[in-house]
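Dear colleague,

Please find below the structure that I am handing over to you, with its sequence.

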Amino acid sequence: MVLNFKKLQIIPTYLNLKYPKTSFKFINNGEQSKIKKESISLARQLQAKIKSTGPISVAEYMKEVLTNPVSGYYMHRNVIGGNGDFITSPELGQLFGEMVAIWCFNEWQKIGSPIPLQLVEMGPGHGSLAEDVLRVFDRFGVRNEVSLHLVEVSPYLSQMQAQTLCEKTIRPSEPTQLYYQLGTTAKNIPVFWYNSIQDVPRQFSCFLAHEFFDALPIHKFQRTEAGWREILIDIDPAADTVKFRYVISRMSTPASKVLIKADEKRDHVEVCAEGGVILQHLATRLEEDGGFALFADYGHDGSKTDTFRGFRDHQLHDALVDPGSADLTADVDFSYFKTCTEDKLLTFGPVTQREFLKRMGIDIRLQILLKNCDEKQRENLLLGYHMMVDQDKMGERFKLFSLFPSVLKEHLIRFPVTGFADS
Ligand SMILES: C[S@@+](CC[C@H](N)C(=O)[O-])C[C@H]1O[C@@H](n2cnc3c(N)ncnc32)[C@H](O)[C@@H]1O
């Protein structure tokens, strides 16, 4: 990788561009009875499994409930938006995606714009963040050098992403291909879909993940007098219908032996081992192939304890009731991500979404857009802005976290990572 160190001031240029995007993307699904049936069938499968092999880990429960190929929560319907179960920042209009795009473009330029550039997004939802990033890159004249790589397990959402991003897509029948879907955008940018990050080609890449890691399975542990014990999920023998309950393992489990830090101070801990594996993979790639990563999620720096919960219809929902009918999620422990990558990477953050967006110039961009829109767009822009930035909404709870290869240490001391410290 050839590095051409320089500091660029591209942000003011972009903030003045004028093109308001439409508005919210609320999508109707109205499939309540189908969801209920799938939930009953998933509950029965889980019950059969627990009956035959004993209580399962929270990670196993979460993985089945969210991504079981037949009835997993994410797999066959739209769950994001006004008629879904939760709303995310990239769905609140163009402001969030534009700030992320400017960040990516700026960091890429600071290290000499290595090409070809792979933009890789994990868990892209409707594809709105990728759409915003490609649009901004296009406005900066970056076209032929870029390709987009999406890591998505949901067949349904991969179709939605294709509709958002591509003019045409194909699903190759060749079993040797690592991607399962291929498309091209209106500007001829190739888009590839994969089931796993491991399948994305090894090249210089900018990795993005928005509300992806919180959807990955977590293990839960409790400190007891006998030492650390894993929290498991069992069926309640006293209940007439299928009812799940938490139990505490009698003995230590393989997970409780390897996933708890020796100096852990908390009494209850959640560990996302699958996220840790992805982080270790990214660390190797960033070190060997070059690139950087930006994650946004609700999370903490190793201080929180019990955060596992469900969301249905924009309300908190008991994670053990009607599995598959509600989103399951846990706050991301960024301190764990640091531990997984510290031998290879520099990490920045977590900083609050409010701090990040304000440092990236969201207020200036908002003012420019407000000058060029109609009344309805104005209402949507302001609503989205306040949802994303206000301290009592997403502004404080959501955090931004970034990763760079250690070889850039001196460079990043001279030219600090945008958005993560006051300049
Ligand atoms: C909470 S949604 C966030 C969507 C989008 N990033 C946003 O913020 O609007 C989680 C996304 O990750 C995908 N996902 C969940 N588990 C995954 C996994 N193990 N591998 C790949 N994608 C996954 C879901 O299908 C969905 O697209």
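Proline 350 has its place in strand β17, which covers residues 345-352, and the peptide bond that joins glycine 349 to this proline is cis, with omega at about 5°. Please keep in mind, here and in what follows, that this is a predicted model.

A cis peptide bond is also found between isoleucine 115 and proline 116, where omega is near 0°. Proline 116 belongs to a loop, namely the one between α4 (95-110) and β2 (117-122). Serine 113 lies in the loop between α4 and β2 as well, and its phi is near 50°, which is a positive value in a residue other than glycine. The place of glutamate 211 is in the loop between β7 (205-210) and β8 (219-224). Is glutamate 211 buried or exposed? Its relative accessibility is 13%, and because buried means under 20%, glutamate 211 counts as buried.

The other part of what was found concerns the ligand, which sits in the largest pocket. There are 20 residues around the ligand, and those that come nearest are Thr88, Gly123, Gly125, Glu152 and His210.

Which distances separate the polar side-chain atoms of threonine 88, glutamate 152 and histidine 210 from oxygen atoms of the ligand? For threonine 88, a polar side-chain atom lies 2.6 Å from an oxygen atom of the ligand. In the case of glutamate 152, the distance from a polar side-chain atom to an oxygen atom of the ligand is 2.5 Å. Histidine 210, in turn, has a polar side-chain atom that lies 2.6 Å from an oxygen atom of the ligand. Taken on its own, the ligand has 590 Å² of accessible area, and the protein covers 95% of that area.

With kind regards

Key: Residues are numbered from 1 along each chain as its sequence is written. This is a predicted model: local features need pLDDT of at least 70, side-chain atom pairs count only at pLDDT 80 or more; totals for chains, interfaces and linings use all residues. Side-chain values use heavy atoms; hydrogens and water are left out. A residue is near a molecule or strand if one of its heavy atoms lies within 4 Å of it. A polar contact is a pair of N or O atoms within 3.5 Å; within protein, one must be able to donate a hydrogen and the other to accept it, and residues adjacent in sequence count only if both atoms are side-chain atoms. Accessible areas come from the Shrake-Rupley method with a 1.4 Å probe; for residues, only the protein chains shown count as cover. On a 1 Å grid over the protein atoms alone, a cavity is a set of points where a 1.4 Å probe fits but cannot get out, and a pocket is an open set with protein on both sides within 12 Å along at least five of seven lines; lining residues have an atom within 4 Å of a point. A molecule sits in a cavity or pocket if more than half of its atoms lie within 2 Å of its grid points. Helices (H or I, at least four residues) and strands (E, at least two) are DSSP runs, numbered from the N terminus. Buried means under 20% relative accessible area, exposed over 50%, partly exposed in between (1.4 Å probe, protein chains only).
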